[in-house]
Amino acid sequence: MTMRIEKAAVLGAGTMGARIAAHFANAGLPCYLLDIVPRELTAEETRKGLTLESPAVRNRFALAGIEAAKKSRPAAFFVPDFARLITPGNFEDNLAWCANADWIIEAVTEDLAIKRSLLARVEQHRRPGAVVSSNTSGLPIHVVADGRSDDFQAHWVGTHFFNPPRYMKLVELIAGPKTKPEVLAALDEFCDRRLGKGVVAAKDTPNFIANRIGTFSMLNALRLMGELDMTVEEVDACTGPAIGQPKSATFRTADLVGLDVLAHVVRNIYDSVPNDESREIYKLPPLIEEMMKRGWLGEKTGNGFYKRVKKGGGENEILTLDTKTMEYRPRQKAKFASIEAGKMIDDTRERLRSFIGPILEGKVVDKAARFIWGALSATCLYAARRVPEIADRIVEVDRAMRWGFNWELGPFEIWDTIGVEPMSLILKMAGKPMPPSVTSLLASGKKTFYESARGHTRYFDLATTEYKPVEEPGGIIILKSLREQSKVVEENSGASLIDLGDGVVCCEFHAKMNSIGGDIVAMLHAGLKRLHTDFDAMVIANQAVNFSVGANLMLLLVSAQEEEWDDIHMAVRQFQNVNMAIKYAPRPVVAAPQGMALGGGCEISLHAARIHANSELYMGLVETGVGLIPGGGGTKEMLIRANEHATGGEDLDLFHGLKPVFENIAMAKVGTSAEECRALGYLRASDLVAMNRDRLVADAKETALAMVRAGYHPPAPAQIRVLGEEFIAAAKLAIHQMLRGEYISEYDALVGRKLANILGGGPLSAPQFVSEQYVLDLEREAFVSLCGERNTQARIAHTLKTGKPLRN
């Protein structure tokens, strides 16, 4: 990238502007955040004696945007301290700051006149060569910048982030009529590598790609709801995980977005697409109009399709809107045989075929299957009609829907899943003409929009009616592709060894939820063994949603109920042994966790020579949630970290270092970003973070190779200083006070005392040094003893049933 982006300016401190600035701060990019100057004082400002000239008043909206981002849930910042990278200001006093910015991004209200007026003022300060972009979700990019200078328009782009910017992968990149290709390339690379985004090139058409298709899908669901006489819950049951879409489904998504925002998008599309054959669907449905009249806008007003109310005991209850009576009622579980049967099918493609297959065969199906067919077939047909209008390739459409709406499959991938030929046949029989994208595919003798062979995927190119390779950005390793290229060295049911090339082997987990059992332990040992003969380094990684949710609790529960204590002892010892083998491997082992790395998943990572984590990491030692303590060396590793932080070498320093460790483990604290995990001690200062999850395996491989080149040697065996009774007594006192205050249960206190015993090094009368194996033995004994407690077994059973820990 020849252009360097080292400072940004975000204009507009509303929900999107402030959160874009927050994510720039997450990426380590200093940023200005500017907004308008208030015209009058608030009551609080008057009480404080402030005036309209006070900086706190003039910067009120920018300051409020930063505070709202700090308080938002889910969190906009990786850690709240990153807010220090944002400098608040206002358009009147500080617009000249734009001269210092390499990227100026406009995120003010969706009003063309306001945007054009602001950009005219920006041009007075912008230095030549600086990128300027708009975060508009629907206004024409070429119109917004019309009249600006040639240099301005050469560096002018649409950059449509999705809300919330930290979590939503998609950024749509829209070129203006005069935008330089190198500007697009520079932004593409910056958004990819620094911001962790998936970038899609969209055409300058109404609402671009994702919102055009996604809005159609939502309005079509509303249409089907009326035709099939369905409830809100029934529609959401058919449009969420059942078809590979988010849990928020249709109506929870609408509530989160806001019905006012939805209405604005719908009206914008209707007014802007006079030639769209499906234009009439973009007329705002009467139901939405009525809800807006009543002020029921969703989450922001407290009621939309769903409403959260307080019950008598102070607990929350979710009510649902009855769209016939327009009154709220208790939620009713949707009951469909097809949906229930689909829950038994893990693979999304197979599940979709189970819903749609009977329809293609002319069989009678239930209402849910009819809805799913109506929803998917109409959306896929609409998407097929929009190419090449909104994008030149089908690849951009599928990526936009996967990354912008969190669909598992894009529309053209759904075509392939159901079958292009049979799907088009049924649609034609229903009087639906097929668009050129479908007819040209079938006329060419091809059956699918994509084809894959030996780890390489090709897409159907409409311009040439031939398959072309789906290009991935450089520096990305896809483990599935390596599997298809026969790069698997060794495998079992839970894990595989894959040759990443350049002397690096990857141990990939692929058990259900990547829960750790004997198969994963065996494959880790196999990989470590090959470091002596075949490879220079090992990466522990996978490309599932979560790195690992921890131990296989079902196997543990069965063993505990059968009182197979020797087997549990052996399993824990084997897990401890493999973690120690990772730590003292003769060549570097790099852990590359992403998503959840809980319990045993965290313990594996803690023992690696280096962690190269994805920025969206949720790591913690959570065993106390099921009435256990970390048994695979996690407590021991955190005890070592406490010693490292006790720089003074005095007992008091170590005591203070142990306090947060005890609290984190006892309270099962989980970091909600890689940087928060670093603050909790799970990552060291030397551990690295990859913003883009797609690049994580390749980045971890490069980290491992860098360690090889640096002449890596395993660490010397650790001697751990422990405080004995000095720490244990203090911890027991804290536990007693928590118990008396009714903050914890009697059983929580029991678990806490066992944890304190390990962190103290056992009932030693004076501080001393102990070996790692000594602490591991304490861990194992405590773990197995707790497995024998009925309370622990009840907690494990509850967690397996509900997915949530039980506190009693």
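Leaving aside neighbours within four places in sequence, which residues is Phe-449 in contact with? In this predicted model, local features need pLDDT of at least 70 and side-chain atom pairs count only at pLDDT 80 or more, while totals for chains, interfaces and linings use all residues. Residues are numbered from 1 along each chain as its sequence is written, and side-chain values use heavy atoms, with hydrogens and water left out.

Contact here means heavy atoms within 4.5 Å. On that basis, Phe-449 meets Ile-394, Phe-412, Trp-415, Asp-416, Val-420, Ser-437, Val-438, Leu-441, Arg-458, Tyr-459, Phe-460 and Tyr-467. Phe-449 also belongs to the largest nonpolar core, which has 116 residues; Phe-305, Phe-412, Trp-415 and Phe-449 touch the most other members. Such a core is a set of buried Ala, Val, Leu, Ile, Met, Phe, Trp, Tyr and Cys residues joined through side-chain atoms within 4.5 Å, with buried meaning under 20% relative accessible area (1.4 Å probe, protein chains only). Helix α16 (residues 367–386) gives the largest share of this core, 13 residues. Another core, of 82 residues, lies apart from it and includes Phe-575 and Ala-782.

Then there's the sheet. Seven strands form an open, mixed sheet in the order β15-β16-β17-β18-β19-β21-β23. Strands (E, at least two residues) and helices (H or I, at least four) are DSSP runs, numbered from the N terminus, and two strands pair if DSSP finds at least two bridges between them. At the edges sit β15 (488–491) and β23 (688–690), each pairing on one side only. β15 pairs with β16 (residues 495–501) in the antiparallel sense over three bridges.

Terms used
Buried < 20%, exposed > 50% of the residue type's maximum accessible area, 1.4 Å probe, protein only.
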